[in-house]
Amino acid sequence: MGFRSFLHRITAPKLSKSVENHPLKLVLVINHSLGMKKGKIAAQVGHASVQTLLSAGSVIPHIVDAWLAQGQKKVCVKAVDEQQMNELSIKAKQANLHISKTIDAGHTQIPKGSYTVLAIGPGYEAEVDEITGHLSLL
Amino acid sequence: MLSVDDQLSMALLVRNDLEMTPGKVAVQCAHAAVDCSLQARKSIPQIFEMWRNTGSRKICLLALDEEDILYWKEKCVEVGLVHSIVRDAGRTEVSAETITVLGVGPAHKTSLDDLFSNLDLYGVE
């Protein structure tokens, strides 16, 4: 564990009843190197979001419920390639954030098995921003 | 192995008359997909599970404007398909309560194809 996430772990507010009052968000990181078209990106981000809803829903249900109640805030950003996505997912895991990877079935546009989207969250906005804040919007 | 007739899919109709960035469109589509999933999980759990287990197919289609979206929404009500209209909160690019996307399904691909046969694919160029 890095020093920062260690600090975070001891100073972060415990997940508790106050969850509703803190803005939560889900960040969807697109693999920009694949050159996907708009419609393809939308479908992949849709996959990633539904996947997150189901997996995070069973691990951190109170966070997911609060996120849905707040209007399910989502932000789309881009990563240059798969390597950067891997680095981001490691950092997100270290910060105890939920992650979900979307791998394309390859029916259209891009090769089968392409790593298209990394979903980080839903989590507290400040915590998620620490990992993805430097990435540019799509 | 499922036959083509049994394939399940979800359609996401995106308004083409709004100037939205690709990221904005993606997020709006994701809202629709999540809303439809939440509904389907309750109302048609077997279809929902089957859709999830067969790759959660999604397709983005092109809707002209708000009127077009509302027209297709009515059609969904008539046919009895799970659907969800996304109204943007208006924090960014578009004004509040703007209708952006209509999500339909998961449903049998054949019934979606029948209904939306006239619509073009969204964002393939």
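**Close-up views of chain A**

**View 1. L24(A) in its strand.** In this predicted model, L24(A) belongs to strand β1 of chain A, which comprises residues 24-31. L24(A) counts as buried because 23 C-beta neighbours lie inside 10 Å of it, where 20 or more are required.

**View 2. The surroundings of L24(A).** Leaving aside residues up to four places away in sequence, L24(A) touches I63(A), A66(A), W67(A), Q70(A) and K73(A), and also P122(A), G123(A), Y124(A) and E125(A).

**View 3. The fold of chain A.** Chain A contains 5 helices and 4 strands, and these follow one another along the sequence in the pattern α-β-α-α-β-α-β-β-α. Of its 138 residues, 42% count as buried. When contacts in chain A between residues at least 6 apart in sequence are considered, 78% of them join residues that are at least 24 apart.

**View 4. The side of chain A that touches chain B.** Here 20 residues of chain A are in contact with 25 residues of chain B. On the chain A side, helix α2 (38-59) and strand β2 (74-79) each supply at least two residues, and α2(A) gives the most, with 11 residues. By residue class, the side of chain A that touches chain B divides into 11 nonpolar, 6 polar and 3 charged residues.

Key: Residues numbered from 1 in each chain as written. Chains lettered and ligands numbered in written order. Predicted model: local features only at pLDDT ≥ 70, side-chain atom pairs only at ≥ 80, totals over all residues. Buried ≥ 20, exposed ≤ 12 C-beta atoms within 10 Å, placed from the backbone. Contact = placed C-beta atoms within 7 Å. Nonpolar A, V, L, I, M, F, W, Y, C, P; charged D, E, K, R; others polar.
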